[in-house]
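Trainee: Before I use any of the labels on this model, I would like to see where they come from. Can we go through them one at a time?

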Amino acid sequence: MFDRLTIRIFAIFLLTIVFFLVLIITIPSLDSRNLTYLSSKEKAMGTALADSIKNELPNVPNNSFRWWMRFIIIMDKLHYPGQFLYIVTPNDQIITSNTSNIDIVRNFSGHTKQLERPAKKIYDLQEIIGPFPLKYGDKIYQLYIIQTAVNVQSPWVNFIFDHPFLLLTLTMLISAPFLLWLSWSLARPARQLKIAADQVACGNIHEWPELETIGSSEFKSTGASFNHMLRELKRMQDLQQRLLSDISHELRTPLTRLKLAASLSRRKYGETTEMQRIELEANKLDFMIGDLLSLARQQYSDNQTQAPCQINKLWQTVINNARFESEQLHKTLTISPLPVDWILCYPKSLCSALENVIRNAFRYSNQNIAVNFIVDKHQLQITIDDDGSGVAEHELKQIFRPFYRTSEARDRESGGAGLGLAIVANAITQNKGEVYAEKSHLGGLRIVIKLPLYKRN
């Protein structure tokens, strides 16, 4: 039953309230300076001393002294070392030879007038006990004893008891571990669920069995539902991948026949405008199917292996191919030196992504392309700039969507299907990076790729 979140929260809340009530009730009684009743031994000692004084009174000459001096003589004779005796008369006069503690006696006697039995109270380093009744003549006097306190309370404890807000703060600190435990028991499964959700968002769709074993029953049920959702997503991905594969095979079969028929027609009737158009559209369709299958494999394939790679070695071949292509196209390509830092990545997809972006820059640039590699703190930033016509401001975020095509001049002229940058975006996301587009200082488009660096042990 305690496994349920509602029961757990209610129990902790109830225990906290009970704990505060117990502290409020018991803490005042823990202050040793409070008024407390005497033990049997202390009561017997005080009663015996009062009886001794009463018995000694007849031995003091009655005519030689003032009446109150008789008490002082006897008290000086009978008190123990470290003790001071005080007698309070029926009219509240105090008889003693030591007047330094009269205020203590007066304060204490004001609290004990209604008491039926003697009590004691600590004042700093001294304690006062009493009253012990002492009959003299036909009147009842009260005896009080001041002596050194045995169990003196620590000054810092006195300070705490004298400051209620500080005492409240201490009680809150004592209850804090219970509340922290409750917070931890709530945050731990929620944090684990967030980590799992983040991994799913990055494309890592696999079950998390620990979600069904940690936290309260509500979190366990949520974890079971989450894993069920992942199983269904995985099943749908497999179905989608199988469907794309089947469609591609089914489309490529008539496409191959179409190309064959076009070739036979060209041999029979010669080259015509219609044949050229049929071959052009067939090639576009072939490229589109290839890009679509490439995107599907990239999103759903688990065959790739993540590995640490040194940047200058990972993309050296891509850079060499880009330099060669720029010479063939008679365009100016500027590339900054490749860093020697490391990144943890899927090498094949990351190389393909950078090559795709650079080829796009060649395709849409007029003359100049610039590729820069910048290592900043814990990440690598790659910028690919061209001096082409660029992309409208409102389309900068849209160009990474599958099948999104911008103006006629940029896409339809090249025959693109709008899948190239979608493949790039998916590859960068798989490698825990970020990609976005912005206006270039060269006048065209800038693609920015950011990837986290990897520190080797």
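Mentor: Start with accessibility: a residue is buried under 20% relative accessible area, exposed over 50% and partly exposed in between, with a 1.4 Å probe and protein chains only. The model is predicted, so local features need pLDDT of at least 70 and side-chain atom pairs count only at pLDDT 80 or more, while totals for chains, interfaces and linings use all residues. Residues are numbered from 1 along each chain as its sequence is written, and side-chain values use heavy atoms, with hydrogens and water left out.

Trainee: Why is S326 called buried?

Mentor: Its relative accessible area is 6%, which falls under the cut-off, so S326 is buried. S326 lies in helix α10; helices here are DSSP runs of H or I with at least four residues, strands are runs of E with at least two, and both are numbered from the N terminus. Leaving out residues up to four places away in sequence, S326 touches K331, L333 and F362, where contact means heavy atoms within 4.5 Å.

Trainee: Why is α13 described as largely enclosed?

Mentor: Nine of its eleven residues are buried, so the rest of the structure largely encloses α13. Among the buried ones are L421, I423, V424 and Q430. After α13 comes K432, with a positive phi near 60°.

Trainee: What makes the crossing of α11 and α13 left-handed?

Mentor: The term applies if the near helix is turned anticlockwise from the far one by less than a right angle, and right-handed applies if clockwise. α11 passes α13 in the left-handed way. The axes of α11 (residues 347–364) and α13 (residues 420–430) come within 9 Å and cross at roughly 145°. Those axes are lines fitted to C-alpha atoms, for helices over the stretch in contact, with angles from 0 to 180 degrees between N-to-C directions. On the α11 side the contact includes L350, A353 and V357, and on the α13 side it includes L421, V424 and I428. The residues of this contact divide into seven nonpolar, five polar and no charged; Ala, Val, Leu, Ile, Met, Phe, Trp, Tyr, Cys and Pro count as nonpolar, Asp, Glu, Lys and Arg as charged, and the others, Gly among them, as polar.

Trainee: Why are β8 and β12 said to stand at the edges of the sheet?

Mentor: The open sheet has five strands in the order β8-β10-β11-β13-β12, with mixed pairing. β8 (332–335) and β12 (434–439) each have a single partner strand, so one side of each has no neighbour in the sheet. The twist from one strand to the next averages 15°.

Trainee: How do you know that β10 and β11 pair?

Mentor: Pairing requires that DSSP finds at least two bridges between two strands. β10 (residues 368–376) and β11 (residues 379–386) have eight, in the antiparallel sense, so they qualify. In one of these bridges V371 has I384 in β11 as its partner. Helix α10 (residues 316–329) packs on the sheet, touching β8 and β10, and its direction makes about 155° with that of β8.

Trainee: What makes a set of residues a nonpolar core?

Mentor: The members are buried Ala, Val, Leu, Ile, Met, Phe, Trp, Tyr and Cys residues joined through side-chain atoms within 4.5 Å. The largest such core has 41 residues, and W315, F373, I382 and I449 have the most contacts inside it. α11 gives the largest share of this core, eight residues. A second, separate core of 18 residues includes I74, L85, I95 and Y141.
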